[in-house]
Amino acid sequence: MKQFFLASILAGALALPAFAADYKIIAPANPGGGWDQTARTLQTVMQSEGISGNVQVVNVPGAGGTIGLAQFASQDKGNPNSLIVGGYVMVGAILTNKSPVTLKDVTPIARLTGEYEAIVVPASSPFQTFGDLVEALKKDPGAVSWAGGSAGGTDHIAVGLIAKEAGVDPKKINYIAYSGGGEALAAILGAQVSAGISGYGEFESQVKAGTLRLLAVSSDERIEGVDAPTIKESGLDVVVENWRMVAAAPGLTDEQKAAVSADIEKLVKSAAWQEQLKTKGWQDTYLAGAAFDEQLAKDVSATEGILKEIGLVE
Amino acid sequence: MTNGSKPVHVKRRPDGAALVIAAVLAVIAGVMFWDVSRLAGAAGYSQVGPTTVPYVIAICLLGLAVWTVFEAWRGDFPEREHQQLGPIFWIVAGLVAQMLLLKIAGFSIATGLLFAFTAAAFGQRKLWKTIPIGIVFAFVVWVIFSKLLQLSLPAGPLEHLFF
Amino acid sequence: MNTFEFLLQGLVIAAQPMNLLYALIGVTLGTAVGVLPGIGPALTVALLLPVTYQLDPAGSLIMFAGIYYGGMYGGSTTSILLNTPGESASIVTALEGNKMARAGRGGPALATAAIGSFVAGLIATLGLAFIAPFIVKVALVFGPREYFALMVLAFVTVSSAFGDSTLRGLTSLFVGLALAMVGIDQLSGQARLSFGIPDLLDGVEVTTLAVAMFAIGESLYIAAQGDRGPDRIEAVKGSVWMSAADWARSWKPWLRGTAIGFPIGAMPAGGAEIGTFLSYATEKRLTKHPEEFGNGAIEGVAGPEAANNASAAGTLVPLLTLGLPTTATAAIMLAGFQQYGLQPGPLLFATNPQLVWGLIASLLIANLMLLVLNLPLIGLWVKLLSIPKPWLYAGILLFATLGTIGANPSVFELGMLLAFGLLGYAMRVFGYPIAPVVVGLILGPLAEQQLRRALAISQGDLTTLVASPVAVVLLLIAAAALIVPLILRARGRGQVLSQLAASED
């Protein structure tokens, strides 16, 4: 039996060349990040479901995904077999980096997964509720330091929106940007900062262990199985979702676009994909077609507005 | 290979090349000043903003440039051995060829040329022999890393011929 | 069941012949990919992770551990033999290791690296098993100001890699610091020194710079010497194996390297490189053979290699106890664990003891396999050096560019490789040391960001930098490291030292 496993690896590795390269997925980030994992999960499921015989993942890291996006838009133009993974962070990065290539220059296919932001404080923090935190923010914005992801990213945008709704100048927030989720989490656990903000999954195990206190989540309604109010409930109208999507190359014919959309729909409906979502703790927020285009346009204009107010975009 | 190259001691006083290095350092500092001066110095709550550290580094580079001039003047720079430029050109040509051909001709051909040109830099000038060897070697490497280990290496006509 | 029983049970499972074979395959694959310059353990694990999915949980966990350790170790081989660091954590290894290889002592250098990695991996993995909760508490004490103090210490110790001229050492360091400024400033989101070129927004990749300056710069320099020097390097002088003196000089650096690397690896913003810098500086200060440093001192290989592997195990401390992925490699491992239903976090040791101890046992077995694989191979590796120069350097450049292309197939990246290669060549010609450039590129942004974070959190109060005992102690050590050599020099010993250092080529 064991020998069989070994043989199957070798056979699998050797058999790969027998298929034509059906899909190439650009992960516009370094290995390990959310987009890379999304791309590699797509790869696994596409191959196991027989949607594509051979899927290759190519990492084109850099500048919040805008480098990968620019390369994809120019080099893969009209190629129906190449895809790019992206997400909400890209929307902000396109604006802050003044990227010449935007999401208008590719063919967005569907939103795949999404995650809401969570606001946490260390267990030792004096802030018991989200209201306490907002009160402190109103009193002295500089005294409330927020640890989160990169400047201009989803976390930063969410804090800006909270400040704005609370009547505080978004330029005044004391936002401390960290590169990886891990480093920010360590700063929060070590009580180096007042509060932390990131995707809920990042904090989940700490919240369950009681080392972090979850004050609020950024969803529209309460999330099932998560014991925390929404930001909306505290009277601030802030809903932020960090979604991930898949897009196809520009310049496709309608038939080609429909074929890609059909493949993605088949993938999303598959049991293997649902299984992967469960093990990875990703929410299924599949949205395609005109509904997705509309959502995208709304997100882009809202993001542009808040980034201007934070002072990151002129 | 040009024979009879003896190490030529180029110790001069003052050392011209060292003065060039000082000038390069000063230019880097100047570019940093220019670039950073255009940034909004949004420091937020820290008095050390995005412009502070580049300024400090640029000032230090200027200081090092002055120090370099001083040492150049005194002839304190170490002696240099004579450098042959021919081999340098071969290697640079190989790297440029690989860079330009990678996307068009694929990994094996582009890298095969680099292989052959590098061998040429070290005295192996029979290109009619080294180029095929390089391409075959690069192709074997491509098969191992791209097909067996799933590393994404650009494929070109040669790779598509087989896979 | 208590800790020991879990560990024993894990070891029994991991020691089954089939699982040992998986460990060997994992280590071999990991080494094969990790040996490529420019491909670090993160990409190695990401590439090879799918291979492990096809096995049963125990087998795949073991193969995975093997890939991880193989990827970590792979970089040192090229560092020592070809002066081409495979990843940033083995840059320091090249300093002494390659000098040893040039002198026909590549065998002992590789052996001390392999055995040192094994010893460090063994101790650090046991440390992970038994004192992880304690270590992680210490690591969390480190906030921005403590990290800043650690960076100051690291900067001071860098001077030990300066060579014989302070001016040229400092110039190299500041060139590295200037390069470090390129790209988006993380804290304000503004682009610095990018001149509107999108490819520069993410800054200069450490591996690109290291591969270019070491591999390409070195090849250019050797080529430009023409037919001076021997056509082949004498691969083995004396024994290929470590002599009694080598052992005597290696074991302390192994232990010291482990003691430095493990806690720094466990720190969320530590990173393996910093441990190797500190270990190298420590060995240089403590050695009884200061004249050999710069000419191939075995301590300078043994210490940093142990530190490098110990920090790899250290990275697992916050990952397993807190669910904190502190490096790209750790982030990929997290993804790997999820495949096995392992959800790292504070409750992991309580909820999933079998898997955790299985993993730790796998790491121990993989570590052993690494030694089993690499010790017999040393003789073979060393023979690489007897390949005639044209083919050897053609091969080096092939693999150096392969790594860069595999990590990021971009023409711009290859252009940077060429430009920095020429810079590395020019610096060699004029006697500038190479390592400080890479060190500046790594430490510069860390120091700047931590300083700015500390000041932002304190709202601009400078006293915050010395308001914690840990920071004060680190700054005092840094001050001592700076001042003590000056005093020694003033007392006359320095002259001897600098004379000896000047004999470096």
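In this predicted model, C:E448 and C:R452 are both buried. Their side chains form a salt bridge with an N to O distance of 2.9 Å. The two residues sit 4 positions apart in helix α18 (residues 435–457) of chain C, so about one helical turn separates them.

Over all chains, the structure contains 19 salt bridges. Three of them are listed below.

| Salt bridge | N to O distance |
|---|---|
| C:E448 and C:R452 | 2.9 Å |
| C:R256 and C:E283 | 2.9 Å |
| A:D220 and A:K232 | 2.5 Å |

A second pair in chain C is made by the side chains of C:R256 and C:E283, which meet in a salt bridge. This pair links distant parts of the chain, with C:R256 in helix α10 and C:E283 in helix α11 (residues 272–286) of chain C, 27 residues apart. C:R256, at 27% relative accessibility, counts as partly exposed.

In chain A, the side chains of A:D220 and A:K232 form a salt bridge. A:D220 is partly exposed because its relative accessibility is 42%. A:K232 is likewise partly exposed, with a relative accessible area of 35%.

The rest of chain A can be described by its totals. Its secondary structure consists of 11 helices and 10 strands. The chain has 314 residues, of which 57% are buried. Counting contacts between residues at least 6 apart in sequence, 76% join residues at least 24 apart. Chain A has an accessible surface of about 12,300 Å², and carbon and sulfur atoms account for 51% of that surface.

The interface of chain B and chain C is considered next. The size of an interface is often given as the accessible area lost when the parts come together. Chain B and chain C bury about 6,000 Å² between them, and 76% of this area is on carbon and sulfur atoms. On the side of chain B, the elements that give two or more residues are α1 (16–37), α2 (52–74), α3 (85–121) and α4 (127–148). The largest share of that side comes from α3(B), with 17 residues. In terms of contacts, 70 residues of chain B touch 68 residues of chain C. Across this interface there are 0 salt bridges, while 6 residue pairs are in polar contact, with both residues at pLDDT 80 or more.

Chain C also carries a nonpolar surface patch of about 900 Å². The patch is made by C:F4, C:L122, C:I123, C:L126, C:F130, C:I131, C:F134, C:V138, C:W251 and C:L255. Helices α6 (106–141) and α10 (244–266) of chain C each supply at least two of the patch residues. The most comes from α6(C), which gives 7 residues. C:W251, one of the patch residues, is placed in helix α10 of chain C. Its relative accessibility is 43%, so C:W251 counts as partly exposed. Helix α10 of chain C also holds C:R256, the partner of C:E283 in helix α11.

How values were computed: Residues are numbered from 1 along each chain as its sequence is written. Chains are lettered from A and ligands numbered from 1 in the order in which they are written. Side-chain values use heavy atoms; hydrogens and water are left out. Patches are made of residues with over 30% relative accessible area and no salt bridge: like charges are joined within 9 Å, nonpolar side chains (Val, Leu, Ile, Met, Phe, Trp, Tyr) within 5 Å. Accessible areas come from the Shrake-Rupley method with a 1.4 Å probe; for residues, only the protein chains shown count as cover. A salt bridge is a side-chain nitrogen of Lys or Arg within 4 Å of a carboxyl oxygen of Asp or Glu. Buried means under 20% relative accessible area, exposed over 50%, partly exposed in between (1.4 Å probe, protein chains only). Contact means heavy atoms within 4.5 Å. Buried area is the accessible area (1.4 Å probe) that two parts lose on being put together, summed over both. A polar contact is a pair of N or O atoms within 3.5 Å; within protein, one must be able to donate a hydrogen and the other to accept it, and residues adjacent in sequence count only if both atoms are side-chain atoms.
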